[in-house]
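Subject: Structure handover

Dear colleague,

I am passing on a structure for you to look through, and my notes on it follow below. Please keep the structure open beside the text while you read.

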Amino acid sequence: MRNMGGMGGMGGLMAQAQKMQQKLAKVQEELKAMEFTGEAASGAVKATITGGHECRKIEIDPKVVDPEDIEMLEDLIVLAINNAEAVCREKSEAAMRQAVPLPPGMKLPF
């Protein structure tokens with residue numbers, strides 16, 4: 001029976017890993033429902049995305065709409081979406097680190 005202690009330890013590790021995986025899955029589902037907003041040109045163009053990376057909304061201040069320079073507006077929209085993606089990524093990583101604390105230097109996903 002004494003040798004079974006090693007197996008119990010391994011079983012305990014597996015159970016712990018499974019709990020951690022369940023926590024991460026829960027956090028990922030919660031993040032998918034959240035919305036993240038990024039902006040460009042000091043807020044003149046805003047993009048809102050979900051944690052599932054679905055674009056939900058684009059807001060454009062009429063002052064930045066120049067019919068003679070549509071390319072600039074297109075660039076501002078791209079910048080706002082990319083900024084929203086960066087916000088989403090930062091918040092997602094922070095939420096996952098809070099759910100499953102990791103040693104310094106270790107990154108998600110494993």
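Predicted model: local features only at pLDDT ≥ 70, side-chain atom pairs only at ≥ 80, totals over all residues.

Residues are numbered from 1 along each chain as its sequence is written, and side-chain values use heavy atoms, with hydrogens and water left out.

Salt bridges

In general, side chains of opposite charge can pair when their charged atoms come close. By the rule above, the count comes to five salt bridges. Another of them joins the side chains of Arg56 and Glu35, at 3.1 Å from N to O. This pair links distant parts of the chain, since Arg56 lies in strand β3 and Glu35 in strand β1 (residues 35-40), 21 residues apart; helices (H or I, at least four residues) and strands (E, at least two) are DSSP runs, numbered from the N terminus.

Arg56 is partly exposed, with a relative accessible area of 49%, and Glu35 is partly exposed at 47%, as is Glu54 at 44%. Lys57 counts as partly exposed at 46% relative accessibility, and Glu59 counts as partly exposed at 35%.

The chain as a whole

The secondary structure of the protein chain comes to two helices and three strands, which follow the pattern α-β-β-β-α when read along the sequence. Helix α2 (residues 70-99) has 30 residues and reaches 43 Å from its first C-alpha to its last, close to the 44 Å expected at 1.5 Å a residue; the expected span is 1.5 Å times one less than the number of residues. Buried residues make up 23% of the 110 residues in the protein chain. With a contact taken as heavy atoms within 4.5 Å, residues 24 or more positions apart account for 45% of the contacts in the protein chain with a separation of 6 or more.

Inside the chain

Which residues of α2 are buried? They are Leu73, Leu76, Ala80, Ala84, Glu85, Cys88, Ser92, Met96 and Ala99. A nonpolar core is a set of buried Ala, Val, Leu, Ile, Met, Phe, Trp, Tyr and Cys residues joined through side-chain atoms within 4.5 Å, and the largest one has eleven residues, including Leu24, Val27, Phe36, Ile49, Ala84 and Met96. The elements that give two or more residues to this core are α1 and α2, and α2 gives the most, with four residues. Apart from this core lies another, of eight residues, among them Val45, Ala47, Leu73 and Leu76. Ala99, a member of the largest core, touches Lys23 and Val27, not counting residues up to four places away in sequence.

Loops

Most residues other than glycine have a negative phi. Ser42, in the loop between β1 and β2 (45-50), has a positive phi near 55°, and Ser42 is exposed, with a relative accessible area of 79%. His53, in the loop between β2 and β3, likewise has a positive phi, near 65°, and His53 is partly exposed at 47%. Lys63 has its place in the loop between β3 (55-60) and α2 and is exposed, with a relative accessible area of 76%. Although Lys63 and Ala44 are 19 residues apart in sequence, their C-alpha atoms are 7.9 Å apart in space.

With best wishes

Terms used:
Buried < 20%, exposed > 50% of the residue type's maximum accessible area, 1.4 Å probe, protein only. Salt bridge = Lys/Arg side-chain N within 4 Å of Asp/Glu carboxyl O.
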